[in-house]
Amino acid sequence: MRWDNLGHLGESPSALFGTDIVSRTVDTPEFRGITFHEVRARSIVNRVPGASRMPFEWTVNPYRGCSHACVYCFARKTHSYLDLDTGQDFDSQIVVKVNAPELLRRELAGRRWRGDHIAMGTNVDCYQRAEGRYQLMPGIITALRDHANPFSILTKGTLILRDLALLQQAAEVTDVGISVSVGFLDRELWRTVEPGTPAPERRLDVVRTLTVHGIPCGVLMAPVIPFLGDAPEQLRATVRAIAEAGAGSVTPLVLHLRPGAREWFLSWLEHHHPHLVHRYRTMYGDGAYAPTWYQRRITRQVHEFAAEFGIGPARPGAARKIPSPDAAPGPAGAPGEDEPRSPAEPTQLTLI
């Protein structure tokens, strides 16, 4: 395995980890088949490249690889930097930055740090199963709280509720944005395409619980999977469930297939839905994104259903409580500070 020359979302191309790497295989039912590579990172706050379409500039990612095993995960390519494959290895070889909380506290206290927004869940889920073992997020949230540093989290994990009290404390001193990813309700589709994640209804329970306890929560409706989860009745049912869970906004995101994820997803498709392989190759061609007309159609439909059920679409960055550069003065992320995007405009990659 290669630990040098790593780079993702602004991380330095020089070696990021020290040489004291410990690999552990834990033979318990919840971690069976998973190997953890415990490393000491040299940096934890990473700058997003200037050309990125993300609405944030800084990220923290305490893990690499993800036992959620979502077959479409765009981060799969990053495992190839370690000479690991982007399929099974990504799901089962998890890199754990065991010093993430202490390193973050040190970097936040640095003279050069200006208290900018930090986004989490941008690469892999920080509340995947590994977090139950290593418990890095309480220390991370505590450091952000103590420095009153704004932050946001995107997750599919129900484990975030373990840290509810810390999130409430942080929200008293800074902007905290939480988004939960729920792309569809179909249980059969969920079991095969997101096999390591909590069920969609359990994720909606997270939205409901956070909202009841004073932590506003948006939903990233992602991914909308062409020909499997994009029928109008499916979209409407999903938006309705999101609204009933108390979400403050819903943002659709059509499936995108970057290198690494593309090959793994098409292999899954060949096994589970072989009749769709040609349609996908035609729709996506040699690129990562569905055609613009398709993205706009899905976005328009979801926005119409959102209006029907009384929740609005979010402008880029709103669910993460990132203020718009041209917003009028006022509380970051405050309702009504910006007009929503046109329903015809695609919303690809606005939150992750």
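Colleague: What share of the 352 residues in the chain is buried?

Modeller: This is a predicted model, in which local features need pLDDT of at least 70 and side-chain atom pairs count only at pLDDT 80 or more, whereas totals for chains, interfaces and linings use all residues. Residues are numbered from 1 along each chain as its sequence is written, and side-chain values use heavy atoms, with hydrogens and water left out. A residue is buried under 20% relative accessible area, exposed over 50% and partly exposed in between, for a 1.4 Å probe and protein chains only. Of the 352 residues in the chain, the buried share is 57%.

Colleague: How many helices and strands does the chain have?

Modeller: Both are DSSP runs numbered from the N terminus: helices are H or I with at least four residues, strands are E with at least two. On that basis the chain has eleven helices and eleven strands.

Colleague: Among contacts with a separation of 6 or more, what percentage joins residues 24 or more positions apart?

Modeller: A contact means heavy atoms within 4.5 Å. Of the contacts in the chain with a separation of 6 or more, those between residues 24 or more positions apart account for 77%.

Colleague: Why is α4 described as largely enclosed by the rest of the structure?

Modeller: The buried residues of this helix are M137, P138, I140, I141, T142, A143 and L144. They pack against β4 (58-60), α2, β7 (118-120), α3 (129-134), β8 (151-155) and α5 (164-171). Helix α4 is largely enclosed because its buried residues number seven of ten.

Colleague: Is α2 roughly parallel or roughly antiparallel to α4?

Modeller: Two packed helices are described by the angle between their axes and the distance between the axes. Here the axes are lines fitted to C-alpha atoms, for helices over the stretch in contact, and angles run from 0 to 180 degrees between N-to-C directions. Helix α2 (residues 100-108) packs on α4 (residues 137-146) at an angle of about 15°, and the axes are 8 Å apart. Angles under 35 degrees count as roughly parallel, over 145 as roughly antiparallel, 65 to 115 as roughly perpendicular and the rest as oblique, and α2 is therefore, relative to α4, roughly parallel.

Colleague: Which classes of residue form the contact of α2 with α4, and how many are in each?

Modeller: From α2, the residues A100, P101, L104, R105 and L108 meet G139, I140, T142, A143, L144 and D146 of α4. Ala, Val, Leu, Ile, Met, Phe, Trp, Tyr, Cys and Pro count as nonpolar, Asp, Glu, Lys and Arg as charged, and the others, Gly among them, as polar. The contact of α2 with α4 thus divides into seven nonpolar, two polar and two charged residues.

Colleague: Is the crossing of α4 and α5 left-handed or right-handed?

Modeller: The axes of α4 and α5 come within 9 Å and cross at roughly 15°, and the two helices are therefore roughly parallel to each other. A crossing is left-handed if the near helix is turned anticlockwise from the far one by less than a right angle, and right-handed if clockwise. The crossing of α2 and α4 is right-handed. For α4 passing α5, the crossing is left-handed.

Colleague: How many disulfides are there?

Modeller: A disulfide is a pair of cysteine sulfur atoms within 2.5 Å. The sulfur of C66, a buried residue at 6% relative accessible area, is 6.4 Å from its closest cysteine sulfur, that of C73, too far for a bond. For C70, which is buried at 7%, the nearest cysteine sulfur is again in C73, 6.4 Å away. The count of disulfides is zero.

Colleague: Is D83 buried or exposed?

Modeller: D83 lies in the loop between β5 (63-64) and α1 (88-92). Although D83 is not a glycine, its phi is positive, about 60°. With a relative accessible area of 52%, D83 is exposed.

Colleague: Where is Q135 found?

Modeller: Q135 is not a glycine, yet has a positive phi of about 50°. At 48% relative accessibility it counts as partly exposed. Q135 is in the loop between α3 and α4.
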